[in-house]
Amino acid sequence: MSPAGERPGPARWRRRLRDLQGAALPAALVLGGILLALNLISFGFGEAPVSTLRRAFEGTWGTPYGVGQVLFKATPLLFTGLSFSIALRAGLFNIGAEGQVTMASLAGAVVAAELPARTPWLVAVPASIACAVATGAAVALVPAVLRARLGAHEIISGIMMNRIADVLAPWLLASVFSRAAMRTADAIPAARLPRLERLVPALHGSAVSVAFLLAVALAFAAHRALSRSRAGREARFVGQGAEVARAEGIDVPRRRLEAMLAAGAVAGAAMTATTLGYKGYYEVGLGAGAGYAGIPVALLGRGTPLGLVLAAVLFGTLNQAGLAINARVPKEAMDVLEALAIVLVASATARGGRSGEAPP
């Protein structure tokens, strides 16, 4: 609600301008730091920095195939970044997104493989995704209940759930589903998501699927729901100050529980990019790391849908660029750049917090 005496229109534009200014510093720090570090790494391995940069660009944004691969790698990061951002709205850290993605991918892949062969796609795709998001929410339920009812910190319980998922997924594949190859059966054709190359032929050969469009639409829809709904506004009040929110009559445990369950469901939807849109089955390790990688995406995106999309694309670019320059510079160098980006984002966010900016 706008403050008394303040017109909604100008206030909204001023808020958007502040958000833009708040996002400019982290973005500039990250881009500048990444370019500087890549130059230093190239020089350290005896390669000309300009040549390395040119090869990295040609392997990412220089060709339609590279663009498709960047968007493919950005898709699960956008889902998990949105997941972390939703939890952060209520003052929670969904560090358990890694385990939620793992278990949701397994559950969704099993459903996609076990459906009758003649199941229409209008049923097969929603059924697989619904099972995945429900599983993601179920995995998030444990840290959500422990935090909402017992006050246990969600970071500790989330890390433990990640460890449990790491052990549980291989055990289920080997012992329950009798899959010695540590992968599920292939999904029926109707359950697989089409590649974007059907809409944009220039992307032929890349693994990007309609899951990217789904992730972008979900980011904007979630932002609108969180901004316009009573539950979303109350969750933000809780995130800004639980005690004040409780004094205003807001059911803090309920809003925290809802936020964590929604975060788990969104993280579970990341399987649409890897399982339904790429492999067509789940295997141990598929999508690993996306849960943790969503944290810097959410911090850099600063809670806005456009910011989340751009941040996910940035980290997708780094991931794909690592493959493009692997012959000259070890792919692991990109892990260093991603870690550097996280440090820069954290530093810029802390600086913003000290200067009185609103949290994302």
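**Reading helices in a predicted model**

Visitor: Over residues 290–318, how much of the chain is helix, and how far apart are the end C-alpha atoms?

Guide: The chain there is 90% helix and 0% strand, with 14 Å between the end C-alpha atoms. Helices (H or I, at least four residues) and strands (E, at least two) are DSSP runs, numbered from the N terminus. This is a predicted model, in which local features need pLDDT of at least 70, side-chain atom pairs count only at pLDDT 80 or more, and totals for chains, interfaces and linings use all residues. Residues are numbered from 1 along each chain as its sequence is written, and side-chain values use heavy atoms, with hydrogens and water left out.

Visitor: What are the corresponding values over residues 65–88?

Guide: Residues 65–88 are 100% helix and 0% strand, and their end C-alpha atoms lie 34 Å apart.

Visitor: Which annotation covers these stretches?

Guide: An unreviewed UniProt entry annotates "transmembrane region" at residues including 65–88 and 290–318. Its positions follow the numbering used here, feature names are shortened, and annotations may be inferred rather than shown by experiment.

Visitor: How is a pair of packed helices described?

Guide: One gives the angle between the axes and the distance between them. Here, α4 (residues 97–114) and α6 (residues 154–176) pack at about 20°, with axes 8 Å apart. Axes are lines fitted to C-alpha atoms, for helices over the stretch in contact, and angles run from 0 to 180 degrees between N-to-C directions.

Visitor: Are α4 and α6 roughly parallel or roughly antiparallel?

Guide: They are therefore roughly parallel to each other (angles under 35 degrees count as such). The crossing of α4 and α6 is left-handed: the near helix is turned anticlockwise from the far one by less than a right angle.

Definitions and conventions. Parallel < 35°, antiparallel > 145°, perpendicular 65-115°, else oblique.
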